[in-house]
Amino acid sequence: MTIFSRRHVLATSAALGVGALGATATPAAAAPAGYRGAGGREETRTLDELYQAALAEGGKLVVYAGGDTPTQQDFTKASFKARFPDIDLTLIVDYSKYQDVRVDNQFATDTLIPDLVQLQTLQDFTRWKGQGRLLHYKPAGFSKVYDRFKDPQGAWVATSALAFSFMYNTATVGSTTPLTPRDLVDPKWKGKIASAYPHDDDAVLYLFTLYAQKYGWDWVAKFAAQDVQFARGSNSPGDAVFGGQKVIGVGTAGSAVNTSPVTFAIGAGHPFMAWGQRVAILKQAKNSTAAKLFLNWQLSTEMQNGSFNGWSVRTDITPPAGLKPIWEYPNAHVDGFPRFMEDRAAIERWKQTFALYFGEVKGDPTPGWLGLHPGA
């Protein structure tokens, strides 16, 4: 993920699920010039050289990305097409919890569609690496990526640093004292809060888990009594706040760069959550060179300097004034989310417990229903 529209700022990916094991992976093709394979040095070809090599390969690329709306990646597609106009890019957005099992089923049925996956389901990347499904590859700038945002052998690398918290209309709240999660149960906000279902999106789930651990189950019960407008899609709370329907939106992505007219809460001492969105090239990719082009472009300093929220995955990119690198916020729990995602049994217990408080998830999936082989 790179530069986003405002809608994309409010619409980050959903994720959960463990897929079935598939067939044995196809052996990797010979490494091209400029790269020495697993554990080797970074890519040395320029973007223009990779572009020409991708065109010689066939000029096509299919990406499965996690997200909440069909148009969420339109800015990324437009930016990529402007830079590499002759690449036929197909970029499919769906909840990560459907993308991962979709890919697993395609492995099992020998019908693989995507060349590259960009998902919130962090546990899938460690699983797929163990199955030999991922191409070990280090794009240019790999050594500059924060250590915990990359696999040492290059099986995957994060290309965007994302954060979930709550946001509120600064003018409506009208206080010089920033709101904290504890304030969300104040009766004066009853009927004025929108939230994504925590038991539908693992990032939102982790955020609510942090709230429950910090403030206790009494806080959860009081929040449930706030007449909260729950909806599917982590874009929905932000849409409600920016659209003026609600004052507060919980469980959504945002930016702390600009606090007007909406404040994205990351105050010290109160939890929010952040992670590096992982990206990997599949070993069976039909268009591996185009996938390498896309990955190198995403990690380029130009794209990393243009991140919508000011945070980069690279250690050599300085955030805007007032921000620190995302891994320097202890209340962002950057190291906690990957561990949380690996424990699927605990996740199921958290999900069902929150369902007892907030009710079952209702509504159609916000990206639509895409079936087994979108992008074919």
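## His333, a partly exposed residue

His333 has a relative accessibility of 27%, so it counts as partly exposed (buried means under 20% relative accessible area, exposed over 50%, and partly exposed in between, with a 1.4 Å probe and protein chains only). You can find His333 in the loop between α11 (301-305) and α12 (336-342). Its phi is near 55°, a positive value in a residue other than glycine. Most residues other than glycine have a negative phi.

This is a predicted model, where local features need pLDDT of at least 70, side-chain atom pairs count only at pLDDT 80 or more, and totals for chains, interfaces and linings use all residues. Residues are numbered from 1 along each chain as its sequence is written, and side-chain values use heavy atoms, leaving out hydrogens and water.

## Asp227, an exposed residue

Now look at the loop between α8 (217-224) and β6 (229-231), where Asp227 is found. Asp227 is not a glycine, yet its phi is positive, about 55°. Its relative accessibility is 52%, so Asp227 counts as exposed.

Helices (H or I, at least four residues) and strands (E, at least two) are DSSP runs, numbered from the N terminus.

## How α4 meets α5

Helix α4 (residues 96-108) packs with helix α5 (residues 122-130) at an angle of about 20°, and their axes are 11 Å apart. That makes α4 roughly parallel to α5 (angles under 35 degrees count as roughly parallel, over 145 as roughly antiparallel, 65 to 115 as roughly perpendicular and the rest as oblique). Axes are lines fitted to C-alpha atoms, for helices over the stretch in contact, and angles run from 0 to 180 degrees between N-to-C directions.

Asp100, Val103, Asp104 and Phe107 of α4 make the contact with Gln123, Asp124, Arg127 and Trp128 of α5 (contact means heavy atoms within 4.5 Å).
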